[in-house]
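Opening the notebook on a new model today.

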Amino acid sequence: LIGVRHTMARGDAARAMDIIDRKLKRGKKAVDSAWQPLLGGDVDNFERLVGRVEQQLADCDSRGLSAELASLYGSRVFGVLEIGRATGTLGRIHESEIIGAQIEAAVRDEMAITLGDLVFRRTPLSAAGDPGDAVLRACAESMGDKLGWSGQRKREEFDAVVSRFPTASHAGRISESA
């Protein structure tokens with residue numbers, strides 16, 4: 001399925017599986033996942049979750065991101081915070097809306113392999129537009145160090161992401177170039 005909206009994806013995928021089962025004459029229906037929580041969605045009380053995240057970030061400049069982190073990761077947020085404690089990356093990246101541990105988690109757990117993956121798909125960095133060169137360079141450095149990128153590769157990844165944001169003279173690209 002290509003181009004499905006997030007809110008419709010589960011239902012569209014279930015219908016696609018029904019069609020596949022019918023065409024392959026399997027005669028069985030896939031398990032209904034309508035009531036299965038998404039990964040990290042097993043949260044009974046969101047406010048309590050946010051409070052627990054705030055406690056763990058009490059001494060960090062990222063404490064104000066507690067609700068954002070809880071919203072993004074749900075119950076999985078504690079794994080991200082554990083990564084941050086282990087690597088000393090609980091602080092914000094250049095006063096941005098992400099913490100260093102999110103970069104580590106994106107590479108380690110979410111298969112991010114380009115800076116574009118991180119900025120446009122794994123974090124909210126691009127949600128309000130261009131987060132700025134300092135943030136993008138810091139992310140390219142951090143991600144590149146984890147993935148063994150050369151200085152040249154870090155610059156290429158940075159340039160590829162910057163080219164996707166509109167400027168006064170450039171409309172930006174919607175997607176990554178092939």
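**Entry 1: a serine to start with**

I began with serine 62, whose side chain reaches the backbone oxygen of leucine 90 at 2.6 Å. I count a polar contact as a pair of N or O atoms within 3.5 Å; within protein, one must be able to donate a hydrogen and the other to accept it, and residues adjacent in sequence count only if both atoms are side-chain atoms. Before going on, the ground rules: this is a predicted model, where local features need pLDDT of at least 70 and side-chain atom pairs count only at pLDDT 80 or more, while totals for chains, interfaces and linings use all residues. Residues are numbered from 1 along each chain as its sequence is written, and side-chain values use heavy atoms, with hydrogens and water left out.

Where does serine 62 lie? I found serine 62 in the loop between helix H2 (46-56) and helix H3 (66-73). Helices (H or I, at least four residues) and strands (E, at least two) are DSSP runs, numbered from the N terminus.

Is serine 62 buried or exposed? Serine 62 is buried, at a relative accessible area of 0%. My cut-offs are under 20% for buried, over 50% for exposed and partly exposed in between (1.4 Å probe, protein chains only). Setting aside residues up to four places away in sequence, I see serine 62 touching Leu57, Leu90, Gly91, Arg92 and Ile99. A contact here means heavy atoms within 4.5 Å.

**Entry 2: the whole chain**

I looked up the confidence next (pLDDT is the predictor's confidence in each residue, from 0 to 100). The protein chain has a mean pLDDT of 88, and 87% of its residues reach 70 or more.

Of the 178 residues, 33% count as buried. Of the contacts with a separation of 6 or more, 53% are between residues 24 or more positions apart.

**Entry 3: two cores**

I then went through the nonpolar cores, each a set of buried Ala, Val, Leu, Ile, Met, Phe, Trp, Tyr and Cys residues joined through side-chain atoms within 4.5 Å. The largest has 19 residues, and Ile103, Leu115, Leu118, Val119, Cys139 and Met143 touch the most other members. At least two residues of this core come from each of helix H5 (100-109), helix H6 (115-122), helix H7 (133-147) and H8. The largest share, five residues, is supplied by H7. Another core lies apart from it, with 17 residues, among them Val50, Tyr73, Leu81 and Ile99.

In soluble globular proteins, nonpolar side chains tend to be buried together.

I also listed the contacts of valine 119: beyond its neighbours within four places in sequence, they are Leu125, Ser126, Leu136, Val161 and Phe165.

**Entry 4: H3, one face**

Which residues of H3 are buried? I noted Ser66, Leu69, Ala70 and Tyr73. Looking down the axis of H3, these buried residues fall within an arc of 100°, so they line one face of the helix. The arc is that of the directions from the helix axis to the C-beta atoms. The buried residues of H3 pack against H2, helix H4 (77-87), H5 and H6. Just after H3, glycine 74 has a positive phi of about 60°.

**Entry 5: charged residues**

On H5 I checked glutamate 104, which counts as buried at 15% relative accessibility. Leaving out neighbours within four places in sequence, glutamate 104 is in contact with Ile83, Thr87, Asp109 and Lys146.

Arginine 108 is in helix H5 too, but partly exposed, with a relative accessible area of 49%.

Last, positive phi outside glycine. Lysine 25 has a phi of about 55°; it lies in the loop between H1 and H2 and is exposed at 74%. Glutamate 95 has a phi near 60°, sits in the loop between H4 and H5 and is exposed at 73%.
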